[in-house]
Amino acid sequence: MKIPTDPVTLATPFFILSVILEIVLARFGKLKARYETKDTAVSLSMGLVSTLSGLPIAGLSFAAAIWCYHHRLFTIPMTAVWAWVLVFFAEDLTYYWFHRLSHERRAWWAAHVNHHSSQHYNLSTALRQTWTGGVAGTWALWLPLSLLGFPPAMVAIEKGVSLVYQYWIHTEAIGRMPRWFEAVFNTPSHHRVHHARNPRYLDKNYAGILIVWDRLFGTFQPELDEEAPRYGLVHNLGTFNLLRVAFHEWIGIAQDIVREPRHTLGWLFGPPGWSPDGSRDTSATLKTAWLARQEAKPAPVKREAA
Amino acid sequence: MNIGNLIQLAVSAVAVALLVGMAALMTRGRAAPPLDEAAARRLLAEEFPDDRLESLWLAADGRGGVARAGKWALVLMRIGDGYLARRVVWREAQAAQSRGGRVTIALREPGAPRAVLAFAAWPPPTAKGEAAT
């Protein structure tokens, strides 16, 4: 019998057991978690179908990785510890930019948006995965690793490790980890910020495993006690219909292009919410409006000592 | 896709059904409370912080509401145990179709095509008993 080496396949029983545990313990008030039946059904169904939706593109992406590896600059051995250390950092940096692109450009946001479409934040949310990631072509971002000389199988395993790591951080049950851990790694606290729709928290904390990339590239935002995250999208969905959840942003892009084809590039590659006349909300406009409101608030009066 | 993959898929589908059933069982009797005026105002203030509410009407079943803010209708509709909030031109919301005690306000978005709210009368009467215009 062949033992699977895909970390996601190996971790699947753990995913199932931990969701059960979170639901049951939350029911009896032992930990903080909020579940809603239809929301859970959508998250898990998205996850289930996502395992199939990648298949049509899998051949192409694998062939592209093999081609890159055949034209590699170096030969990096899969058996060396240093090579695994190197691929860990290289993959995690790639993930950061993939994730940032997936939030800041609409064509890739269309594939990623459904991961953020739940108004809940629990372990089932982690499994709310895209059906259109392969079509969006973001897998191409990992090709330079094979071109550098990392074997495609090594890259695939490391991608799986990253995905499995990111599972456990989708929870409200864990408050904050020790300070040293919060400083270096992506944690439930950091990722709650990432899933929040509060203007202050938008487009922050793109990290996969290491939060240091956000600190380095200026996208880090700590979770603040005075501002609890509100989860979901800036404009939350009004349906639990799986097809609408999976494809609504793609349909929105198509409708916009049909209506105003001369702005096709903007509709595809502008930030989510971009419109030619600026009538829609982007993260930037929402943040600007929020900042203006903060500045307009009267400063707290200092009480002088008697 | 080989037989092993199919078995894995089937087992995963059963696991999904089990987990959804468990979520339903464990959240039974914990439905979100009906929306009252204070909660609606709080939600609207979060969603539309720059709008000044002139009037607010709550749906009869407590599953949403509509507020008027100048030329806008601010629409709230429960989805699961959360809410959807949208700003719609007041005149369009006012012209929405009402049937069987439910008004359907077109939102025209792929992810939120419409808001369906329980209102016995539409457009909603003002405090003076006249239809809001």
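I take buried to mean under 20% relative accessible area, with over 50% exposed and partly exposed in between (1.4 Å probe, protein chains only), and strands to be DSSP runs (E, at least two residues) numbered from the N terminus.

The model is predicted, so I note that local features need pLDDT of at least 70 and side-chain atom pairs 80 or more, while totals for chains, interfaces and linings use all residues. Side-chain values use heavy atoms, without hydrogens and water.

Entry 1, strand β2(B). I looked up residues 64–69 of chain B and found 6 of 6 buried; G64(B), V66(B) and R68(B) point one way, whereas G65(B), A67(B) and A69(B) point the other. In a regular strand the side chains alternate between the two faces of the sheet.

Entry 2, its partners. Counting strands as paired if DSSP finds at least two bridges between them, I find β2(B) antiparallel to β1(B) (residues 55–58) through 4 bridges, with V66(B) as the bridge partner of W57(B). On β3(B) (residues 72–79), also antiparallel, there are 6 bridges, and A69(B) is partnered by W72(B). In the hairpin of β2(B) and β3(B), with 2 residues between the strands, G70(B) takes a positive phi near 65°.

A nonpolar core is a set of buried Ala, Val, Leu, Ile, Met, Phe, Trp, Tyr and Cys residues joined through side-chain atoms within 4.5 Å. In the largest, of 19 residues, V66(B) and F119(B) are among those that touch the most other members, and β3(B) supplies the largest share, 4 residues. Beyond four places in sequence, F119(B) is in contact (heavy atoms within 4.5 Å) with residues including W57(B), G65(B) and V66(B).

Methods. Residues numbered from 1 in each chain as written. Chains lettered and ligands numbered in written order.
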